[in-house]
Amino acid sequence: MVSLMIDILFVIIFSIITKILLYNTFLDDYYLIITLTIFYILLPMLSSGKTIGKKVIKLEVSGLESPAKWYQILIRNILLIYIVLYPNSWMSIIDNYIKPNIYTRIWHVIIFCQIINITYYIYNVITNKNNLFLYEAITGTKNI
């Protein structure tokens, strides 16, 4: 949680900077996606899965059996960022381009995914299994 809070603080700062830099350009509406992609996808892929928050508290993303490969980190962070933590970053953009009933259905799918992810984690904690979230189990990664 400490790592996540540090990351959120930096994402806020970087998104303000990105918004200022992209103001009145064709990328203006995409500033949050650009910020999240750089901060949570590009930066961790270049630093063995570490974000600024992970570096501060000395966490890193590892594979379950060996060091995490670049594609595991990529898929893990895409699931984590765009489905679990910040689905609104891309949903707010497609809201302008799709019918309201489809938009609502997509949100229902995202909420359903959230419920499954949390349920999976709680089940693993109660049964003393692996204490992984579903996106970690899917990608074969964990924080160490």
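Here are legends for a few close-ups of this predicted model.

Local features are taken where pLDDT is at least 70, side-chain atom pairs count only at pLDDT 80 or more, and totals for chains, interfaces and linings use all residues. Numbering runs from 1 along each chain as its sequence is written, and side-chain values use heavy atoms, with hydrogens and water left out.

**View A. A nonpolar patch on the surface.**
Leu 9, Ile 13, Phe 14, Ile 17 and Leu 21 make up this patch, with about 460 Å² of accessible area together. Patch residues have over 30% relative accessible area and no salt bridge; nonpolar side chains (Val, Leu, Ile, Met, Phe, Trp, Tyr) are joined within 5 Å, like charges within 9 Å. A salt bridge here is a side-chain nitrogen of Lys or Arg within 4 Å of a carboxyl oxygen of Asp or Glu. Areas are by the Shrake-Rupley method with a 1.4 Å probe, and for residues only the protein chains shown count as cover. Ile 17 sits in helix H1 (residues 2–22); helices (H or I, at least four residues) and strands (E, at least two) are DSSP runs, numbered from the N terminus. Ile 17 counts as partly exposed because its relative accessibility is 41%, on a scale where buried is under 20%, exposed is over 50% and partly exposed is in between (1.4 Å probe, protein chains only).

**View B. The largest pocket.**
There's about 530 Å³ of space in here, and 27 residues line it, with Leu 4, Leu 80, Phe 133, Tyr 135 and Asn 143 nearest the centre. A pocket is an open set of points on a 1 Å grid over the protein atoms alone, where a 1.4 Å probe fits, with protein on both sides within 12 Å along at least five of seven lines; lining residues have an atom within 4 Å of a point. H4 gives the largest share of the lining, 6 residues. By type, the lining splits into 15 nonpolar, 8 polar and 4 charged.

**View C. The loop between H1 and H2.**
Asp 29 is in this loop and is exposed, because its relative accessible area is 56%.

**View D. Lys 58, with another positive phi.**
Look for Lys 58 in the loop between helix H3 (52–56) and strand S1 (61–63). Lys 58 is exposed, because its relative accessibility is 72%.

How values were computed
Points joined across faces, edges and corners; volume = space filled by probe spheres on them. Nonpolar A, V, L, I, M, F, W, Y, C, P; charged D, E, K, R; others polar.
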